[in-house]
Amino acid sequence: GKGIVIAIDGPSGSGKSSTARGVAKARDLRYLDTGAMYRALTWWMLDNKIDVNDAAAVAANVGRPVIVMGSDPSAPSVTVDGRDVAAEIRGREVTTNVSAVSAVPEARELLVRTQREVIEAARDESAGIVVEGRDITTVVAPEAPVKLFLTASAEARAQRRSKEVRTVDVAATQADLARRDKLDSSREHSPLTQTADATELDTTGLTLDEVIALVVKLADEVR
Ligand code: C5P
């Protein structure tokens with residue numbers, strides 16, 4: 001049969017990436033980090049000196065970089081024009097500018113089309129895939145049999161993200177997350193939205209292994 005699709009949305013630091021990768025590993029599924037695609041596109045815009053706050057300039061250039069995502073959850077990879085940018089896309093410059101690029105409709109159209117192709121390929125090859133982002137349950141794969149919206153308290157999210165980026169300034173991290181959440185939730189095109197048909201999972205008091213186990217159980221129930 002066709003492979004399963006597990007769609008996961010949520011704000012920054014809600015545990016989406018770790019959860020998605022853990023579930024994909026546990027059930028031998030492919031993995032797609034759509035945030036990394038917006039980050040890769042942003043990295044290319046900055047590298048090519050394109051003003052990311054000029055929506056027309058971003059729109060005119062979206063088709064130029066070739067962004068390729070690896071699908072192995074144990075070793076996620078992302079290349080732009082053949083160059084490995086996995087480290088650069090987590091840097092401060094990209095993180096600060098990614099919400100501006102992801103608000104441009106032409107950027108979303110292009111990346112959503114690619115994301116749907118990756119999902120269809122996985123299904124056709126009976127592989128199954130875990131996809132995470134901001135608009136997966138609402139726009140990219142609303143027909144997915146498993147749809148999740150991950151949340152966590154602002155404090156918990158800031159703690160986790162601070163650990164990831166190895167900073168002790170949790171307050172600054174929390175402010176940065178709040179800024180990005182606001183931009184991502186209030187933009188005109190495909191904002192981060194929680195819908196009634198996605199299962200909400202508050203991960204605040206849970207360990208990563210507990211969250212992964214819950215999602216695996218949900219996935220096993222629909223298979
Ligand atoms: O998930 P991550 O924090 O890496 O996402 C980076 C940014 O990419 C988000 O802040 C958001 O602006 C954008 N994004 C998006 N739609 C997605 C995934 C990410 O707009 N599906």
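Which residue in S7 is the bridge partner of Ile6? The partner of Ile6 in S7 is Val146. The legends below place this pair in its setting.

**View 1. Overall fold of the predicted model.** This is a predicted model, in which local features need pLDDT of at least 70, side-chain atom pairs count only at pLDDT 80 or more, and totals for chains, interfaces and linings use all residues. Residues are numbered from 1 along each chain as its sequence is written. The protein has 9 helices and 8 strands (DSSP runs numbered from the N terminus: helices are H or I of at least four residues, strands are E of at least two). Its radius of gyration, taken over C-alpha atoms, is 17 Å, close to the 17 Å given by the globule rule for 223 residues, so the protein is as compact as a globular protein of that length. The globule rule is 2.2 Å times the number of residues to the power 0.38.

**View 2. Strand S1, residues 5-9.** S1 is largely enclosed by the rest of the structure, because 5 of its 5 residues are buried (20 or more other C-beta atoms within 10 Å of the residue's own, with C-beta atoms placed from the backbone). Val5, Ala7 and Asp9 point one way from the strand, Ile6 and Ile8 the other way. Across the protein, 41% of the 223 residues are buried.

**View 3. Strand partners of S1.** S1 pairs in the parallel sense with S6 (residues 129-133) over 5 bridges; a pair of strands requires at least two bridges found by DSSP. Val5 stands opposite Ile129 in S6. S1 also pairs in the parallel sense with S7 (residues 146-151), over 4 bridges.

Technical notes:
A residue is buried if 20 or more other C-beta atoms lie within 10 Å of its own, exposed if 12 or fewer, and partly exposed in between; C-beta atoms are placed from the backbone.
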